[in-house]
Amino acid sequence: MATPQVQEKQQPETGKAVVNDFSMTVATKNGSGSQTSNLTLLRALFKMGIPVSGKNLFPSNIQGLPTWYTIRLSKKGYLARRAEHEIVVAMNEDTFVEDLASVAPGGAFYYGDHLKFEINRTDISVYSFPAKKFAKDSSAPATLRDYVANMAYVGVLAHMLEIDMAKIREALEYHFDGKEKPIAINMGVIEAAYEWAKANLSKSDPYRVEPMDETKGFIMADGNTAGALGSIFGGLQFMAWYPITPASSVAEGVSHNISKFRDKEGQDGKTYGIVQAEDELAAIGMAVGAGWSGLRAMTSTSGPGISLMTEFVGLAAYAEIPVVIWDVQRVGPSTGLPTRTSQGDIISTYFLGHGDTKHIMLLPGSASECFEFGWKSFDIAERMQTPVFVMSDLDLGMNTWMTKPFEYPNTPMDRGKILWEEDLEKLSDWQRYKDVDGDGIPYRTAPGNKHPRSAWFARGTGHNDNAKYSERSEDWEKNMMRLKHKFETAVNYMPKPEVISSGNKVGIISYGSTDAAILEARDYLAEGGLQTDYLRLRAVPFTSEVKDFIEKHDRVYVVEMNRDGQMNMILRLEYPEHTTKLISLAKHDGMPLTANWVKEAVELQEK
Amino acid sequence: MTETAQMPNVQLNLVGLSKNDYRGAPTTLCAGCGHNSISNQIIAAAYELNVVPEEMIKLSGIGCSSKSPAYFLNRSFGFNSLHGRMPSVATGAMFGDHRLRALAVSGDGDTTNIGMGQFKHIMRRNVPMVYIVENNGVYGLTKGQFSATAEKGLRLKYQGLNPFTPVDVVEEAMASGATFVARSFAGDANQVKALIKAALSHNGLAILDIISPCVTFNNEDDSRHSYGWGREHQEPLHDFTFVPREQEIQVGEFPEGTTKTVTMHDGATIVLKKLDRGHDPTSRSAAMKLIDDARNEAVLLTGLIYVEPNQPSLTDVAELSTNRPLNRLTEADLRPDKSMIETANAMMF
């Protein structure tokens, strides 16, 4: 197509530019290399100082199925997903019709001119461009041409939205780790497309960008890599894992990066072991074996893996073995929606296992908090001698977030109550499961301890203080009551919630990746006249601040991403006296929560 | 302190311990159970090899056999884990202090029914440990159901006829690349002990399939897991002598030309005196043929079937320190320096 099609109709607020406040979605096929293009756009905008968030909506597929990447720019710093998008770039014939229909009125639609479809909308600006031409003309080897082809829309958008080309180059330099050849090839395509757009397209929509200064002091990170790095700073010594979406990048984040941080020149041997297990049962089994042997051990998985790990988690809780388990939640039950986000494992994980079991859950709400809980989880697990779950989700774990820089651990490692030879020498009597300190936490030893009184027999069967097999009812009850007491002690080691409170009647409780949507929704609610307070949970069991918050409010909305309002159920169990105050607002469509949904859900209740 | 008997007539080994120091709690298994005699040989082997009990760990899954680690080596750390999942626990546990020896006990149900997957993978990874399968063809604790090693056509009182082909532990081990494969019979105490000793000095996964009759549920003379059948059909591959590293082989101790000596990774040697079959246990193809022939001939071939002493073990592959075990490392070894936080942030964008 020689001449580009430009249609100009019904511009909103004609002449008035919309700057740094819109969403754009790129529709491509999975496996086509579009992720590099999308991240380049995202990073360039971030480097321009504009608050951005990027969300990848991808299928459970390697190649060919449709995938969408949405970038939201928000001068106000809102990072949640919006359901609407003003700019759509269509590169996939399979979804062309729906992509065209999805553009917000007054928006802009860009499409590769190899896609031959009728344009049936007159309320938006439409631009076509020769998407394949630039790659063909470039120096890219034939095998890579399809991948670099996606850089065409980067160049076109750079011109049309006024994205700084120098920032695009910076983004590419980061992506390709400074390797000049791929940078040059990709930049070549972008520049050619930019020049082409400059010569051939005339802008008729109002959306564009401008440099700001709102991203200083932030980094761009995904929660999984952040958690992996946090674990490395936490002194991770053993990791076993089994591949599963969306958790694989936690383990890969560890295995790809740990040597950089932990291997020192002239060091005698590694300070860690990593095993890709044959399944999740083996992954948790290895981690439990390593935890028993005195190592900071972890595994990472998602819902189906958690189900498989159940029996071992019960064993570790009952035999009191420290282990850290990351659950990057996706939509269940069953295989569910493997590439969609959810907070659906809250109830099942809290009570995971048969018999009376409750587990510690940490609830990171940002990528930098994933880093923090990466190291903190080991301290808590070893202190409490029990499994600790870090409940992330696909949106937090796999998407790229603007987040605060990672902070070096502000407390020394807590190895908990572990005794070595010299400790035992000072004790006339040591029993593995005896509650010496009255906090429910016994003292443990680890294999390799050479003291002749150091050994004990770990077992999932009934045992007495001495770890000896016992079927006596008194031993069983006493031990289970001690474990209950230990769980109460755990509250003292939990991260406290983040509370924003100014004496309003209505409170919101939420956790995890919903944070961005809640913060934005509170602004909208306030604009409509409803002031709200907000408590973001960071751990279960709950610290006293949670009860205080509920007590101080007339109504508390518990916002979460599942069907049954799982955290609300736990809150009601813990605070039965406040059951009528707690109102569940739960959404489970697999998509990251939007502020509009939260606002409307609250307003509906408040009517 | 666990008391070491100091009475003058008690014999102490080279590390100053008596056989009592290697015992465990009294067994709760049935009288006459093959597992008890294996426990006794584990005690004898550890005592004779001068193993310091704190330098050994013992592991098991669930079942009669898996109860037995409570009945030996009281002074060793133990882990009675989950049904069929001992291999994963052992794999992780070996990273704690890889200088320790590990001995695991499992049963035929624990290994070849519920635990087949983990059994195969622990062999692939060549985890340095002894893995004993106390093999009786039935489930004892749940009262006599067939396991996957029960022979086809076996008839038991409550279960009726077993119509399915059995799993052969040794064949599975060979197929999965195990680096030490042996079979024995609980009734042959000396051979069991010699094989345990050899297995304990192997740097890699040593599989010992020990036919261990269940006196309660599967001990009819026509059953291949019975004392009667085992005694009748056992055919040792060699006369077997294990010589620890500390003890040199005396010239002329073994008649020349009729022996094969295998030097283990730790310097110990296994001297195999050839019997009728003249089997070379370092030949994989000979081992495979031997197993096949034995099955066709309906004999219980016992002895060292296959050994490959020089494959790197899992902890070798993991490049752990030779001196300092992982579980002795401290914050200074494990937490990157403060300046490294900048590196972490710079890795992001």
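The points below go from the whole of one chain down to single residues.

1. Keep in mind that this is a predicted model. Chain A holds 20 helices and 25 strands. Its radius of gyration is 27 Å, close to the 25 Å that the globule rule gives for 607 residues, so chain A is as compact as a globular protein of that length. If you want dimensions for a figure, the C-alpha trace of chain A spans about 90 × 65 × 40 Å along its principal axes.

2. How much of chain A is buried? Of its 607 residues, 61% are. Looking at contacts in chain A with a separation of 6 or more, 76% are between residues 24 or more positions apart. As for the surface, chain A exposes about 22600 Å², and carbon and sulfur atoms supply 50% of that.

3. On charges, chain A has 65 positive and 79 negative ones.

4. Have a look at A:Arg522, in helix α17 (residues 515-527) of chain A. This arginine is buried yet has no salt bridge. Which side chain of opposite charge is nearest to A:Arg522? That is A:Asp533, 5.1 Å away, where a salt bridge would need a side-chain nitrogen within 4 Å of a carboxyl oxygen. Apart from neighbours within four places in sequence, A:Arg522 is in contact with A:Ile500, A:Ile508, A:Thr532, A:Asp533 and A:Tyr534.

5. Over in chain B, helix α5 (residues 116-124) has the buried residues B:Met116, B:Gln118, B:Phe119, B:Ile122 and B:Met123. They pack against α10 (280-292) of chain A, and also against elements of chain B, among them α3 (86-93), α4 (108-113) and β4 (129-135). After α5(B) comes B:Asn126, with a positive phi near 50°.

6. Two cis peptide bonds to check in chain A. One joins A:Gly332 and A:Pro333, with omega about 10°; A:Pro333 sits in the loop between β14 (323-331) and β15 (337-341). Another runs from A:Val540 to A:Pro541, with omega near 10°, and A:Pro541 is in the loop between β23 (539-540) and α18 (544-552).

7. Which residues have a positive phi without being glycine? One is A:Glu162, at about 70°, in the loop between α5 (151-161) and α6 (165-175) of chain A. A:Glu162 is partly exposed, with a relative accessible area of 44%. Another is A:Asp177, at about 55°, in the loop between α6 and α7 (180-200) of chain A. A:Asp177 counts as exposed, at 64% relative accessibility.

Key
Residues are numbered from 1 along each chain as its sequence is written. Chains are lettered from A and ligands numbered from 1 in the order in which they are written. This is a predicted model: local features need pLDDT of at least 70, side-chain atom pairs count only at pLDDT 80 or more; totals for chains, interfaces and linings use all residues. Side-chain values use heavy atoms; hydrogens and water are left out. Helices (H or I, at least four residues) and strands (E, at least two) are DSSP runs, numbered from the N terminus. The radius of gyration is taken over C-alpha atoms; the globule rule is 2.2 Å times the number of residues to the power 0.38. Buried means under 20% relative accessible area, exposed over 50%, partly exposed in between (1.4 Å probe, protein chains only). Contact means heavy atoms within 4.5 Å. Accessible areas come from the Shrake-Rupley method with a 1.4 Å probe; for residues, only the protein chains shown count as cover. Lys and Arg count as positive and Asp and Glu as negative; His and the chain ends are not counted. The place of a charge is taken as NZ of Lys, CZ of Arg, CG of Asp or CD of Glu.
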